[in-house]
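Subject: Structure handover

Hello,

Please find the structure below, followed by notes on what was found in it. Please read them with the model open.

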Amino acid sequence: MEAIDKRQVQQQSEWKRLPREGQFVSFLGTELLVLPGVFPPKEDTVLLAKHLPAKTGVTVLDVDTGTGALAIWAAQHGATSVIAVDIAVAAVTNARRNVERLALADRIEVRTGDVFSSIAPSESFDIILANL
């Protein structure tokens, strides 16, 4: 538990060093903007992306999207429809900026809220991602 607490303190100090306009990081060949207050993609995000089945035509729900890294990865690797959800306003703003900058807005919709309030009961998904 102590190791987790130290990691959180380290990540929060990284946030404070980010310039207001954010900074770009490379995520599996894609440059992503990371805004202050948003977790940058780390090793666990890479691991999850690499194990995501690359199937054309699937629908994906990305819970706690952050920068939108996994939603973007899914769209770049065959998903036709991705819903990216985050409760943090900074993360939603960050994900939307990345989606727009990478011209993926036709396949990725970024929503504000928790998974229960932002997904309609009639919506279904082939793949649900959550890198919490």
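Overall layout

From the N terminus on, the elements of the protein chain follow the order α-β-β-α-β-α-β-α-β-α-β. That gives five helices and six strands, where helices (H or I, at least four residues) and strands (E, at least two) are DSSP runs numbered from the N terminus.

The model is predicted, with local features needing pLDDT of at least 70 and side-chain atom pairs counting only at pLDDT 80 or more, while totals for chains, interfaces and linings use all residues. Residues are numbered from 1 along each chain as its sequence is written, and side-chain values use heavy atoms, with hydrogens and water left out.

Of the 132 residues in the protein chain, 41% are buried; buried means under 20% relative accessible area, exposed over 50%, and partly exposed in between (1.4 Å probe, protein chains only). The accessible surface of the protein chain is about 7600 Å², and 55% of it belongs to carbon and sulfur atoms. Such areas come from the Shrake-Rupley method with a 1.4 Å probe, and for residues only the protein chains shown count as cover. Among contacts (heavy atoms within 4.5 Å) with a separation of 6 or more, 59% are between residues 24 or more positions apart.

Strands

Strands β1 (residues 23-27) and β2 (residues 30-34) run antiparallel and are joined by five bridges; two strands pair if DSSP finds at least two bridges between them. S26 has E31 in β2 as its bridge partner. The hairpin of β1 and β2 has two residues between the strands, and L28 takes a positive phi near 50 degrees there.

Strand β3 (residues 59-63) runs parallel to β6, with four bridges between them. The partner of D62 in β6 is L129. In a regular strand the side chains alternate between the two faces of the sheet.

N98 lies in helix α4 (residues 89-101) and is buried, with a relative accessible area of 0%. Leaving aside residues up to four places away in sequence, N98 touches L32, L33, T67 and I72.

Q76 lies in helix α3 (residues 69-76) and is partly exposed, at a relative accessible area of 35%. With residues up to four places away in sequence not counted, Q76 touches T30 and L104. Q76 and T30 are 46 residues apart in sequence, and 9.9 Å apart in space, C-alpha to C-alpha.

Regards
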